[in-house]
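Morning, everyone. I'd like to walk you through one model today. Have a look at it first.

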Amino acid sequence: MPRTTDGDGTPVPQRLLAAATRLFAEQGYDRTSVQEIVEAAGVTKGALYHYFGSKDDLLHEVYARVLRLQQERLDAFADADEPIEKRVRDAAADVVVTTIENLDDASIFFRSMHQLSPEKNKQVRAERRRYHERFRALIEEGQRTGVFTKEIPADLVVDYHFGSIHHLSTWYRPDGPLSPQEVADHLAGLLLRALRP
């Protein structure tokens with residue numbers, strides 16, 4: 001049975017994910033071998049296969065862990081007892097911040113998603129669709145109650161905002177002039193201005 005933690009208490013699955021994320025970001029998914037991942041994580045191949053069935057499973061989990069976090073946070077914003085404009089602003093800003101905080105994961109995913117197995121690809125698309133549908137439902141709530149304009153279809157609003165987010169990894173730099181929160185506030189502000197009646 002493989003050890004579940006190392007000397008500093010870091011669980012083996014997290015070590016494997018951290019090593020895989022760094023290597024996939026530096027070298028690309030297709031140019032990273034399982035051997036390189038286990039060496040970087042300081043574990044055996046047996047340990048990797050105990051927790052992950054394949055390199056494909058690692059790629060899926062790199063993105064799925066961020067999406068799970070974002071879904072939990074979106075659900076909390078959507079369910080909050082706040083005006084719809086505040087809930088949309090908070091959700092729109094949060095997805096920007098959490099994407100920037102996990103920029104390697106996001107860039108790996110958008111660069112390598114096509115390399116997932118068809119089954120995993122379908123699973124990820126379903127998870128993303130669930131997130132987008134919950135976000136769209138907030139926009140639609142604001143449109144139904146007259147807070148947001150009905151002139152722009154909610155689907156287009158969602159695509160507009162997430163299109164911006166999907167490109168963050170191509171231009172955002174941690175040492176650049178804007179903090180993650182400043183980028184988030186600007187993008188959320190643009191979204192809210194587009195929705196005003």
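Helix α5 passes helix α10 in a right-handed crossing. Keep in mind that this is a predicted model. The two axes are 8 Å apart, and the helices pack at an angle of about 140 degrees. That angle makes α5 oblique to α10. For reference, α10 covers residues 180-195.

Who meets whom here? On the α5 side, the residues are E85, V88, R89, A92, A93, V96, V97 and I100. On the α10 side, they are P180, Q181, V183, A184, D185, L187, A188, G189, L191 and L192. Sort that contact by class, and you get 13 nonpolar, two polar and three charged residues.

The largest nonpolar core has 57 residues. Three of them touch the most other members: L16, V96 and F135. Which helix gives this core its largest share? Helix α5, residues 84-101, with nine residues.

Next, a look at helix α4. This helix runs over residues 55-79, and F77 lies in it. Follow the chain eleven residues from F77 and you reach V88, yet their C-alpha atoms are separated by 7.9 Å. What does F77 touch, leaving out residues up to four places away in sequence? The list is R87, D90, A91 and D94.

Last stop, the other helix pair. Helix α1 spans residues 12-27, and helix α2 spans residues 34-41. Their axes come within 8 Å and cross at roughly 125 degrees. So α1 and α2 are oblique to each other. The crossing of α1 past α2 is right-handed.

From α1, the contact uses R15, L16, A19, A20, R22, L23, F24 and Q27. From α2, it uses E36, I37, V38, A40 and A41. By class, that contact of α1 with α2 has nine nonpolar residues, one polar and three charged. Notice L16 in the α1 list.

To recap: α5 crosses α10 right-handed, and α1 crosses α2 right-handed.

Conventions: Residues are numbered from 1 along each chain as its sequence is written. This is a predicted model: local features need pLDDT of at least 70, side-chain atom pairs count only at pLDDT 80 or more; totals for chains, interfaces and linings use all residues. Side-chain values use heavy atoms; hydrogens and water are left out. A nonpolar core is a set of buried Ala, Val, Leu, Ile, Met, Phe, Trp, Tyr and Cys residues joined through side-chain atoms within 4.5 Å. Buried means under 20% relative accessible area, exposed over 50%, partly exposed in between (1.4 Å probe, protein chains only). Helices (H or I, at least four residues) and strands (E, at least two) are DSSP runs, numbered from the N terminus. Contact means heavy atoms within 4.5 Å. Axes are lines fitted to C-alpha atoms, for helices over the stretch in contact, and angles run from 0 to 180 degrees between N-to-C directions. Angles under 35 degrees count as roughly parallel, over 145 as roughly antiparallel, 65 to 115 as roughly perpendicular and the rest as oblique. A crossing is left-handed if the near helix is turned anticlockwise from the far one by less than a right angle, and right-handed if clockwise. Ala, Val, Leu, Ile, Met, Phe, Trp, Tyr, Cys and Pro count as nonpolar, Asp, Glu, Lys and Arg as charged, and the others, Gly among them, as polar.
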